[in-house]
Amino acid sequence: AAAGAGKDRGDDMAIDGLVAVPAATPELADRIASAGPYGAGARAPRIALPAVRVLQARRVGENHLSLRIGDPGGARLDAIAFRAFEGPLGPELSARIGTTVHLAGRIERDDWGGRSKAKLFLEDAALPETGT
């Protein structure tokens, strides 16, 4: 229910898998979906995308955040964080264009506009440790 809202969940978040941006494909989204159904008793797998660069960030509607993220090899992925501006997630990620972050959420197929692609439904983000 708090997906993308940046609600305080403490420092821990269960992650079911790690995926690099080029691996976030419609085919992966289909394989994840086929393991369902998901719902109240069984949440969809939460996937982490580590060390991705925020390429674009824009507010959508009143409280949502649309992102374009990428990796050093040039792969790109769109993401959406619903209700992100109801907490710190929206403002924080909007200020991070050009920087590297870790993201977590659900990867699903997006067939909007007649074009099939994968999309990250963002639940949370973290800053990489700087080692200082």
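Modeller: Helices (runs of H or I, at least four residues) and strands (runs of E, at least two) are taken from DSSP and numbered from the N terminus. By that rule aspartate 110 falls in strand β5, residues 100-110. This is a predicted model, in which local features need pLDDT of at least 70, side-chain atom pairs count only at pLDDT 80 or more, and totals for chains, interfaces and linings use all residues. Residues are numbered from 1 along each chain as its sequence is written, and side-chain values use heavy atoms, with hydrogens and water left out.

Colleague: Why is aspartate 110 called buried?

Modeller: Its relative accessible area is 15%. Buried means under 20%, exposed over 50%, and partly exposed in between (1.4 Å probe, protein chains only). Aspartate 110, at 15%, is therefore buried.

Colleague: What does the side chain of aspartate 110 reach?

Modeller: The backbone nitrogen of tryptophan 112, at 3.1 Å. A polar contact is a pair of N or O atoms within 3.5 Å; within protein one must be able to donate a hydrogen and the other to accept it, and residues adjacent in sequence count only if both atoms are side-chain atoms.

Colleague: Where is serine 66, and why is serine 66 called buried?

Modeller: Serine 66 lies in strand β3. Its relative accessible area is 18%, so serine 66 is buried too. Not counting residues up to four places away in sequence, serine 66 touches Gln56, Ala57, Arg58, Val60, Ala79 and Ile80.

Colleague: Which residues line the second largest pocket?

Modeller: Gln56, Arg58, Ser66, Leu67, Arg68, Asp78, Ala79, Asp110, Trp112, Arg115, Lys117 and Lys119. β2, β3 (64-70), β4 and β6 (117-126) each give two or more residues to that lining. β3 gives the most, with three.

Colleague: What makes this space a pocket?

Modeller: On a 1 Å grid over the protein atoms alone, a pocket is an open set of points with protein on both sides within 12 Å along at least five of seven lines, and a lining residue has an atom within 4 Å of a point. The second largest pocket holds about 240 Å³ of space.

Colleague: Why is alanine 51 called partly exposed?

Modeller: The relative accessible area of alanine 51 is 43%, so alanine 51 is partly exposed. Alanine 51 is in strand β2 and has a positive phi of about 50 degrees although it is not a glycine.

Colleague: Why is arginine 83 called partly exposed?

Modeller: Arginine 83 has a relative accessible area of 29%, so the term is partly exposed. Arginine 83 sits in the loop between β4 (76-81) and α2 (89-94), with a positive phi of about 60 degrees although it is not a glycine.

Colleague: Which residues does a cis peptide bond join?

Modeller: Glycine 36 and proline 37, with omega about 15 degrees. Proline 37 is in the loop between α1 (26-34) and β2 (47-60).

Colleague: Which residues touch the most other members of the largest nonpolar core?

Modeller: Leu49, Leu67 and Ile107, out of 27 residues in that core. β2 gives the most to this core, with five residues. A nonpolar core is a set of buried Ala, Val, Leu, Ile, Met, Phe, Trp, Tyr and Cys residues joined through side-chain atoms within 4.5 Å.

Methods: On a 1 Å grid over the protein atoms alone, a cavity is a set of points where a 1.4 Å probe fits but cannot get out, and a pocket is an open set with protein on both sides within 12 Å along at least five of seven lines; lining residues have an atom within 4 Å of a point. Grid points are joined across faces, edges and corners, and a volume is the space filled by probe spheres set on the points. Contact means heavy atoms within 4.5 Å.
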